[in-house]
Structure formats: structure tokens, C-alpha cells
Amino acid sequence: MTAGLGVPLPRQDGPAKVTGAARYASDHLAEGMLYGVLVGAPVPAGRLRGIDADAARDLPGVTHVLTHAEMPKLAAPPVPPAASARVPMQDDEIQYEGEPIAIVLAQTVEAAEHAASLVQADVEPAPFTPHPRGNRAGADVPRESGYLSGPTDAEHGDVERALARAPVHLDATYVQPSRHHNPMEPSATLAQWQDGTLAMVDATQWAYGVRIVMCALFGIAPDQVRVRSPHTGGAFGCKGLVWPHQIIAAAAAQITGRAVRVALSRAQMYSTVAYQPQMVQTVSLAASGDGRLAAIEHESINVTSASDDFVEYATMASQTTYAAAAIRVRQRVHRANVNLGTAMRAPVEGCGLWALGSAINELAAKLQIDPIELRLINHADVHPFTGQPWSSKRLRECYEQGARAFGWRRRPNEPERDGPWLVGQGMADCAMGTFRFPSSAHVRLYADGRAVILSGTQDIGTGIVTILTQIACGVLGLEPGLVSCEIGDTELPEAGPTFGSSSTMGVGAAVMAAAQDALAKLRERSGEELGATPGAGALSAAMRSAGIEELVGVGSFAPEDSPYALQTFGAIFVEVGFDPELGIIRLRRAVGRYSVGRIVNPRTARAQMLGGIVWGWGKATMEASRQDERLGRWLSKNLAGVALPVNADIPADVDVEFIDEVDEHAGPIGGKGLGELGATGVDAAVADAVFHATGRRIRELPITPDKLV
Amino acid sequence: MRPFAYARAATLDDALEAARDAGTVVLAGGTELLNWLRLGIAAPDRVLDITRIDGLDRIEQLAGGGLRIGALVRLNDVAADERVARDWPVLREAIHKSASAQLRNLATIGANLLQRTRCAYFRSEEPVPCNRRAPGSGCAARNGHDDRHALFGWTEECIATQPSDPAVALAALDARIVTRSAGGGRRIPVTEFHVLPADGVDRDTVLEPGELIEAIELDRPAPRSAYVKVRERESYEYALASAAATVELGEGGRIESARIALGSVAMRPWRLTEAEHRITRLAPVDPAVSAALDAALAQARPVPGSAYKLAIARGAARRALMTAAGVPS
Amino acid sequence: MSAPQFADHLDLRLQVNGVDRQLTGVDARVTLLDLLREHLDLTGAKKGCNHGECGACTVLLDGRRVNGCMVLAATADGHEVVSVEGLASGEQLHAVQRAFIDHDAFQCGFCTPGQVISAVACITEGHTGDEDEIREWMSGNICRCSSYPQIVEAVKAAAAAGNNPAPS
């Protein structure tokens, strides 16, 4: 198969992944390696009077039990890439249940796990602030702890005046619960020091970020840290930053002089890594009788930890989605003795559109205007808050094509019946801001016509290896079989994080530039013409004629300030069945249409959108991580007490398509990120479909049977 | 996991002898025991593997049309048995709606009845107040998250529920559990097998130490039977509530006899005996059938968070009954 | 009648991917999953939850799919185990592996070894009558990237091709 942009090239890492050859962090062994198991604090707040580890140390196979007393004093790392300024195991304070207080090291998994259960913490408990239950009271203005990427309060136009004058109002509060990412791969890291140099194999979305943090913590230079991340088994945001286990593993390896592998249990994924915190969002809409929005007011309060104010900018949705004359937004935090939250697939607009999209659908019902019509009336021709033109926006076509494919215009007023099912239909907007990070890459050409792409980016399942191969093939005119790709190593050219749907724009552009640079260098050194996409034969001939065995093209991408507003758009339509006798809802079909610029690979792009819709279905109807407020701990730190979608939940009839489009302002590829867009809007569309089927507006996710019977 | 010693029993008699020791637990499919060991719910000195005992993995026809299912028959093999599929579809459905294909290849029909509650406090990785985990420590669920909890038969000591799907079907089928112990053996109706909290939270079933399940016996066929399981997701999840129903239809399609058991509403499958009597001789679609179910559920006593399950349990019971009777929903 | 002989460390002998493997002094607590991963360096089967709640550790035990994390290695003594590493013959992928690539049935790949093994078993069992049946019988393997529609397509295609050689 030929490659190049727009070709549905099969995943280049397919053979490795279907045979088990692909190794993830916890699949790595090292000579003399110790298994490390973290011990978590038993209470959500307090002080450690002491830790009795004698029984643990006495077990056969146990080599060390390390507590804060044994840990080196580590310097504060920058946030981000560190998740928190609070370095683990540096003092006797406990700020959340499960906070690491010790690590057991042993020669076998069995000994390490058993020993960890024998470590006894003598704790003086302190009063604690529990995870709030969907209430607004107690919220604070966020402090700067590395997460203020924009203002917490912003206003455009005269909101008070617009609210006072508009004849139609809608005020509602929407809640989404704390939810864990639950990638299938629990976080894991293998750390080893040799001659003052730290080598790590890590499950991460940002190998270079891990390096930055390790340099800061241990006071070492970048060339003294190597982080490899050959494959990351799903992440969705929880492996974006550096969490306690990575730091403790590196410190334990330093203390013991041995390789240390820490693979978190599923339960530890709940209490020592991250989750998307609960958000309580209040939206006020003011509109004219014909549906024109005069004002949007949007407040979002997210839960955060005692140590850091993580801010999830859900209210961004209200700054970017509809053309209201006046907009006011407010971000607040609700501090509690819980572990710190972080971004999760479909952050920002993905969170805000649950509230805003639902409110718009409620307004449509109130005004008896079709939800698409109401959206067209308020279509934002330019960025509503800044007035910037969009780099590219084909949202109207998404509405039109989606509505046609779904049969939206035939939506009956009353739900239809199909056996025991009442059938409801709903739709909503999808939107996601565009993140771009600096990245660099090399493309190395060989005289036999092969090429190797080198970039320190990481594979979390998006298809990056395949995308980069296509981009290089597109420039060089090579068959994909001649191109290989090396990623996931800080010895490779620096690349940005794999989050915020940023990799194709950033790393992709760097690879394109590197391939072009290689071609330019070859033209110069060989004197050959070498037109566009020369192909293996011409490349090889030019290299041989110039007597070059190997040639390296260098490329980079740095986002520039743009006069354009960059964003992706879409429309999602869902049909749900509601069984009133049993109280259950099921997805029957869905249609998504998206405006994202150029599609590099329709196959991997489809996978992203389908995965996003399933993700959104899980958010809408089943996922919630719950804290027991009296105990101050997560309940059901597992995959049995918290439901995630399974195969049987997803019908075959999920239809996703992209508008044929190239966004020239987004970067040289002409495409934008799409890894998160598909997960946005699904919740609001499902809630509207449930309203259609049941007549009930559910404003708190997930929409579970207890809310429907 | 605490260290333990492992051994295999070659015969049931060997197993009975070894299992009398309080520090020994018996391993069959392992799908529950391994998690108990990991969570500290069980911390034995010895694990006795009984999976290689000959003869307990067979399904045999009984005189009079019944069936004897050896305790070690894997769940998927019970469901795949042609006689079960034909004559006891409720059991097949309950099995297929439990766990996953992989787990059902391991889990055995006998040990499935010994599944312990899914109460999140009971299953906690670290100890939290739970009278079943630590006697006298209290019940964190009673004033905590109680929405998965009981509708019937709970006490302040424990508000949990029994999660087995096959147990619900077997209760509706009036199946018997055949046990063996060093002193002999007995037959226990499935409906009397699990112990309600009022009779103590120190044990889940009436099995005595050293007493093992040898087989399950089914009586006369129940070809008109169905299982309905209600859960947020479509598969691989425990029930919010479930229902098993069997009916025999007589002249004019009237209900000659019916048996209904609810699942995940108490610490044992909950038979709706009174409703079963009230609906005999009624047509399945008779409004009095629904009224009888309403009356049965009116006797429930939910904890605050589980009140919503009343409607679900009622709906599941009605659906199971109608499906068993062949009435389309 | 003979009293069972209890031991906290055991000598085990299993057929793994067609190879006779003998291990001495294995801790009785070691699961089949950890035996494969930590003792035999067969890391295809993954530890996603270690509680039988995700399916990433699915392997064939005497030809039947099971969760490797729910089986003690001692129980598997004397039995045959096939992990994802045992499906391909050399460079020649198993038909199900090929179908997973052709139908783009994975993203991050972490659950994939379990999905592939489960799919092989699903087809062998005959649970591929229609898409609903495939969906139900493939629900013991969670894919958080959610390639579920593509997994169903792959299983359907592999089943239809009738080319599902039982692994050795």
C-alpha cells in the first residue's frame, strides 16, 4: 500500500501489538531488579508518629522498607511536568488517604506485596475536609500552583445589562462526578542508577517531562537522565504529569543501588495517581424570544487537593461555542483531603459542554426551537470572546450532514416504542481547543532507500507511529515498508507531551520538516533535481552518486502566535433506548460529524472518534468514582465496583465522518487534533435523548437507573 | 497475600479430611478465593485444591426427570449442557449473565453459591468498618454509600446482598445442595442455604466447617423459565437487582404454578412465595399479577439509598415472569 | 485414601506455547499470570487489574480461555497453556491476529493480547453467530481505548474466514 497523507495505512505497530512483542513499562526486567510496592496512608489527614516495618523487613526476600526517614531530601520540581509541588515521602504529614508513606522492596512480587500489608503506620489522625457531594458551598478562588493557564474570572460585554433585559432565561446547575481515567495499563516505572545517571522505563505521556522533573528533584543535568517509554498502555491524561510513584521509584533505586520496578495496583491507580475531579457547573442563559443569546454566565467549581489548586477550565466552552453578546465565566475550586485531580480525555470544553450543551438543549425545548436551529441562530462566525477569525470552521456542514445521516429532521415529538424500549434521540455540539507543543524530529536516510524517523514522542495508542510514517512517506515518496520509526526515548530529538490532542500537529510537522530537510540536503549534496516525492529509487541513486551512506534531516515545530483562533468542531447525534420497567438505558446508534482539518489517516482517525463516543457514553451513563465522606477514601478502587463500557454496550451502528477540509492556519499538516473531540458533547446529547424518551431532565451524571425509575 | 501451603486432594474423602482443619481453605475455580486472599478476606495457612477430584465434574440425569450437577462442573459447561438449555433455561440464562466467558470457564457451580457480597466496604483493600470483615467493627455502609444494598432481611449489623446469579435461578427452581462431610452428608434447599444477617454475620451459609458441596440437584424440568438481570452496563457486571421466574401454564394459558426469586436484594435469593400463590390460576397479563408483585415489594424495607431498587426489582420480576410465560414485552 | 501433601514451594511442569517448562521451588502464591510474566518472561498477557475484572491477562488453559490472574500456577501444573506469544508460527500471524490488524481492532495495544486470545476462543467455542453474540462473548475484555466496533469486525471476519487454527 502506498502511504502519504489521507491514506488509511494499517497501524505500523500492529504486528508487535497483536503478538505480545510490544513491551510496556511493567514488561521490562533488569538484572538484580527489586519489586517495589507502595504503602499508602490509612487516613485522609494526620501526622505519622512512626512506622513499624519490622515484620515487613523480617520477611524472606524483603530487602528494604523505606520511609520518609530514609528518603533523600529532594528539591521541588516544576509544576507541570510534576503533578504537585508536594514531593512524596519528605515529611510526616498526611494529606490524603493512600498518600505514599513507605515503599517495600523485595526480590519477588509476592514478598513485596505481603510485606507492604504488614507495614504498620502509627498515625495521629487530624480532622479532614471530605470530597464534597455536588454542592456549591465552600468553593474558593484558585491559587496559582502551576495550573492557572488563564484567568479564573473573565467577562466580555455587559452581562448584567444583558441578563436584565433579555425576556427568556434559563438557569441550571449540572454536576459531573469525579471519574478515574482507568487506562488498562496501571502506571509503572523501572528506575536504575548507574554512575550518577538515572535510567527509567516509564508508562508516560511525556518522557521529556519526566526528565525535567528528575533533573529538578535530584539536581542533575539532562544528560544524566534517560527516560524510555516504548509503549504506553493507554493514559487519557493520568500519565501526562509526574506522580509520586515515579519519584519514589527513582529515589528507591538511588538508595538501594538496585534497579527498582514499581507497578501500581489498580487500587493505587485510584488513590495515588489521578482522576478528573467532580465539577459543579452553573449556567445562566439569557435570550430573546427568537432564540438569540444575549448572555451566557458560566461558573465551574472543581474539586482539588489540599496541596495544589488544579483548575479544570470547563467554562472555556462558554467563551468559544456560541455567539452571545455578553459572556461571563468563573472558575473556582473546592479543596478537600483527596489526591490531586488532573486533566482527562476531553478536558476543558469536554467538561464545559456537558453543562453548556445541556443548557442550550433545555433552552431549545423551552423556546420550542429545534436544537440545531437554535445552534445555527447562535453560530459563532468568529471567536465569541476575542473576535478572532477561526482558522477553519465547518460546523454548519457537520450539523447538516449529521442531521441527514441520522434522520434528525424525522425525530418524532413523542418517543417511539420498540418492544420494551422507549426510543429517544438527542444531539449536541462537540468542540475542543487546539493545543500545540514544540517538537523536533530527525529523518535519517540510508543509501539503500530506507528511512528512519526519530522523535522522542510516545505511543499511547493514537497511531502516532503510523501517522509519522505516512508524513515521511508523503514527503519522500517511500513505501511504508521502507520507513521505520523510533520513539519513546529522551535520547531522541525532543518532543512535546502526548496530550491535548497535539501530536499530529506538533510532532507530525517536525517530521515533515525533517523529511523536507533531508531532501533539501540530498539535493544540495548530490546536485540531483529530485522532484517532490522522489521515491526510493531516486533517493538511493542520489545518495550513491554523492557517495553518502547516511544523511540526517532535522526538523522542528514551534507554535507561533496566530491571528486565528484554532479549534475543532463537530455535532453528535445519539439514539438511546430506555426500558421504563427496568430503568436501564442503552445506546442504539450514534452519528458524529467533525470539522478537524485534514485527516492524515482515516483509519486511526475513525478509531479515535469511535473511542471518544464510547468514552462519552461511559461518562454519560455509568462512570463515577465515589468517596466515602466519613472515611475520606475512594470506594471500589477496582473495575468491578465502577462500571466502564464493555463491548456489549456498543452497537455496530456508530457512524463517524469528517468534513473534507484542510486547515492551512493550523500548521503545515493542515490538520488539527482529534483525540478528544469525539468524547465531547456525547453526555449532553445523551441527556437530551433521555429527556426525549422519558420527559425527565437529568442534570447530574452519570444517568443511571436510580435516577430514571 | 500471606504465604500458604498448597496441596491437591485426589479424592473427596481426602478433601473432607483435610478441610476439617480451620486453617485450610478449599480452592475450586479460584475466581473468588484468589481475590479474598489478595484483599485479606481470607488468610489461610493451607489451600486445598479440589479441582482434580474425580467424579465431581459430571452432570447426570436423575430418575423422575431431574438433574444432578457435580459441584465442580464449570459454569460454562452447565450452561452448555443440552438438558439444562432445554429444560432449565433460567439456569442457563443466569449463568450466561454472570461474570465473563473467561471467569465462567473457571468458576464452578458449587462454589458459585459461596460467592460473598459485593458490598464495596466488605471488598475494601484496607480494613474499614465491616462486621463481616472484622466482627464488631460496625457497618460503614449503613451510614455510607448504600445504594447497592438490601431491600429485605437486613439488620443494623449488615445491609449487604448476595450477588450470585445462578443462586437466584436455583432458588426459583427449588434446587437442593448435596453436601458431604466427614460425618456423612445432607441435602439443603438452595432457598435455605444462605444465612440472613439476623441469624448472624459470622457466616454466609449454613455449611459447617469441613462440609463440602458435592452436587446440585434439580427437580422436574422448568422449560418455561427466565432470568432478568438489571445493571448499568450490558455485560460483565453485577446486578442492581435480578429476578428468576418459572411458570407452568394450564388451560387457557392460565398460570398453574409460578416461582419467583429476586437477586441482589438480600443476603439470600428472595422468593416471593406469597405472590406466587396469589397469581396461580390468573392469566399472565391479568392486572392482578402486577398487583401481586406490587404487594410483594410493598413488604420490602429498603435502606435509604436502595429505595430505587424496589421499582427495578418489581420490573425484573414482572419481566421474568412474562418472559417465562411467553408474553412479549 | 492419602492425606494431601501441603507445600509452600512447589515444582511445576507445564506445557507453555507447546514447550515443556519445568520450574522448581515456585512460591505457592504465584499466579499463572505472574508465572508467565515474571518467571518465563512471557509478558504478552498483561496485569490490568489482577482481580479478574478486565481480561487483559486472558490465556488458554487446556484450550479454554481463562483469566491468568485468577489461576494459581500450582493449579495449572501438568496442563497446557497458550499465551498470545504462542499464536503466530514464526513470522506467520494467526488469522485472528491478522484480522485485528486489518480491522484496526486496537489502539494502545495493552488489552490486545487478551482480546486476541479471547477472540480465538470465542471463535472456537462457536460464539460468533451474529454481532450481538460476538459483542456479548467478547465483553470479558475491557478496551479502554474502546475499539469495540473494530474488535467485533475483526472477530466476525476471522470467524467467517473459517481459518482459526487451534493453537498448539
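A: The part to start from is C:Asp104, which has a positive phi of about 55° and comes just after α2(C). This is a predicted model, in which local features need pLDDT of at least 70 and side-chain atom pairs count only at pLDDT 80 or more, while totals for chains, interfaces and linings use all residues. Residues are numbered from 1 along each chain as its sequence is written, and chains are lettered from A and ligands numbered from 1 in the order in which they are written.

Helices (H or I, at least four residues) and strands (E, at least two) are DSSP runs, numbered from the N terminus. Helix α2 of chain C covers residues 95-102, and six of its eight residues are buried, so this helix is largely enclosed by the rest of the structure. A residue is buried if 20 or more other C-beta atoms lie within 10 Å of its own, exposed if 12 or fewer, and partly exposed in between, with C-beta atoms placed from the backbone. In α2(C) the buried residues are C:Ala95, C:Val96, C:Gln97, C:Arg98, C:Ala99 and C:Phe100. Their cover includes α3 (112-125) and α5 (148-161) of chain C, and also α1 (14-19) of chain A. Contact means that the C-beta atoms of two residues, placed from the backbone, lie within 7 Å.

Chain A also touches chain B: 32 residues of chain A are in contact with 29 residues of chain B. On the chain A side, the elements that give two or more residues are α3 (109-118), β25 (584-595) and α17 (705-708). Of these, α3(A) gives the most, with four residues. That side of chain A divides into 14 nonpolar, eight polar and ten charged residues. Here Ala, Val, Leu, Ile, Met, Phe, Trp, Tyr, Cys and Pro count as nonpolar, Asp, Glu, Lys and Arg as charged, and the others, Gly among them, as polar.

Elsewhere in chain A, A:Trp617 lies in helix α15 (residues 602-621). A:Trp617 counts as buried because it has 29 C-beta neighbours inside 10 Å. Leaving aside neighbours within four places in sequence, A:Trp617 is in contact with A:Leu587, A:Pro645, A:Asp649, A:Val682 and A:Val686. The C-alpha atoms of A:Trp617 and A:Ala679 are separated by 8.3 Å, although the two residues are 62 residues apart along the chain.
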